[in-house]
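Biologist: Could you take me closely through one part of this model, the place where the two chains meet?

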Amino acid sequence: MTVALIVEQILNGLQLGTMLFLMASGLTLVFGVMGLINLAHGSFYMAGAFVTATVTATTGNFWLGLLVGVLAAAAIGVIVEFVIMRRLYDRGHLDQVLATFALILIFSEGTYMIFGSSPLFLSVPQELRGSVSLPFDISYSRYRLAIIGMGVLVAIGLYLLISKTRLGMRIRAGENDREMIGALGVDIKTLYTLVFALGAGLAGLAGSTIGALQSVRVGMGEPVLIMAFVVIVIGGIGSIKGALVGALLVGLVDTLGRIFMPLTLVSFMPASQAMSIGSAVSSMLIYIMMATILAFRPHGLFGSK
Amino acid sequence: MKQSIKLGLGLAMAATMTVAQANEVRVGMITTLSGGGAHLGVDVRDGFMLAIEQSGNSDVNVIIRDDAQRPDLANSLASEMMDRENVHVMTGLIWSNLAMAVVPSVTRQGMFYLSPNAGPSDLAGRMCHENYFNVAWQNDALHEAMGQYVRDQGYENPFILAPNYPAGTDALSGFKRYYDGELANEIYTQLGQEDYAAEISQIRASGADSVFYFLPGGMGISFMNQYANSGTDIPVFGPAFSFDEVIVGALGEAAEGVINTSQWAHDLDNDTNRAFVEAFRAEHGRTPTLYASQGYDTAKLLLSALEVAHPEDDPDAFREALRAADFASTRGEFRFASNQHPIQDIYVREIVANGDGGFTNQLIGVAMEDHQDVYGADCGL
């Protein structure tokens, strides 16, 4: 066990956390402002990745693909909000869960029909290939480092948007009292559409950047969605700060657990057993952490209600 | 009133019941045509149907159903095939867990089953059956051959990894059955895992001289993409399941130089194979995968046995004809061991640029000649 390996794993955890933050911030905003549970959030992630892969393949320019992918995800978000979500705000959570689950199925089958069942090809842009050398003899993937950097920028951007702009003020007001800001003359419908599009765009950004690392295929959004829900439950539903802290916590615990769990077990049991038990336990770690946090803080770390 | 309803129902049933013609052979194909593993089933089906079409044998009637990779659905489809469609022979299953759910009950009822892909160890060993034939391989075969190849090439410190589920543990034990040296490390990842940053860091830190992995489907694409981008240049080895033509297409240059083992290659030099690859490309506009060759060989085996006997009229003669395996395989030489699994050569392929911007598998040698699985000893046939 070298220092380099530990630092690398911490960076890996931060990178996973950054990606989860992009997903969770949209999810938590939509829930906080509109009171809507959106299971179809993973579909925007998938949509962003598919559009980015297609545009990159035709134009050969990853950055253009990324831009179009994010915009397309946001646009799909606007359409979905306009056509379906509007009808769900006044309904109970069960109706919302049913309707958005149906959306997952529709998006998945639709993607099959358009793109077929084989995964699409999307590779890391030329400029970000390979690795960079860091102090302490560490070499780390340039692309993953860029993802961490992008996550920091998005977090700062969201902070400025929510706390310094008029739109952000309305979003905060919407979280506190939906009826009242409507009564004060704020166009609540447009605000909802904007927030939903912002969330969908962030999910699309996550899907597009991660698509280059993983495979762009139907159903890629669902595993991430589950982790994003864990994040917002830990962080406190509706809180952007909670989403950030929760995402980093989940990213670090999941990544470090996968490495150090088997290594700890090896010291007192045979190697092959330690490996299989360790990998089984480490996949439970984030849920154990969620249960523990909820036991002490039922509304999550930064939950208000 | 009641009488007329009964009569009506009876008529309706009679109408839906299919009456077998004198020489007709009904083949039930349950395979995976939707979901993440669909390209395997699609290729098995396309290869199978190509052979049937080429034969011009109009007595063969293939009924195709999609199992969506779900054991429960596969099971109910199998009952439907046997009870309502009156099939004589069944085939098509891709996944071992589905095969374990369907095959034993099918063969117990006297039906013939020809496996074009799944080869779980139980069906090769203690649960083998005289009516079960595997035309592809026992699951361990390609991993065992890779273990042998890695050892033959003089590697001394491979890092091996697979997902934590039965086929994953079988893969690593298959590899270790023929690779008997030191291991840098052996790790099990989560099934369906998409991010391998932690594992790749471990590989780099382990001082391994080679990497062997079995990560089917999307997992393999993610791993290889990230591995290539991490700047790690330790050579990679794997079974053909992780490097079929579809996956190689999705990986692009990330897969260049990877060595993989397969019982078949599209550039394998024999007349049957050349004709098969050409016909498949002409019909479907893509290079066949190993799954397509397995579907094709399965249909060829079936057709060769049908020349001798009909499975319903004379099951014993039909079974003998299957055992003889008297057909021209795309793999060249092909015969069955006593447990009715193949004895065949396992080849080594390398992923190279194909000249027009894409990548493809190229045959570079033989890993094991006349490979036979180790489970036959537990089989009473």
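Which side chain meets that of Glu8(A) in a salt bridge?

Modeller: Happy to! This is a predicted model, in which local features need pLDDT of at least 70 and side-chain atom pairs count only at pLDDT 80 or more, while totals for chains, interfaces and linings use all residues. Residues are numbered from 1 along each chain as its sequence is written, chains are lettered from A and ligands numbered from 1 in the order in which they are written, and side-chain values use heavy atoms, leaving out hydrogens and water.

The partner of Glu8(A) is Arg204(B), with 2.7 Å from N to O. A salt bridge here is a side-chain nitrogen of Lys or Arg within 4 Å of a carboxyl oxygen of Asp or Glu, and four of them cross the interface of chain B and chain A. On the side of chain B that touches chain A, at least two residues each come from α2 (38-55), β7 (185-189), α8 (197-206), α9 (218-229) and α10 (245-251) (DSSP runs: helices, H or I, of at least four residues; strands, E, of at least two). The largest share, seven residues, belongs to α8(B).

Overall, the contact (heavy atoms within 4.5 Å) takes 34 residues from chain B and 29 residues from chain A. About 2700 Å² is buried between them, 49% of it from carbon and sulfur atoms (accessible area, 1.4 Å probe, lost on putting the two parts together, summed over both).
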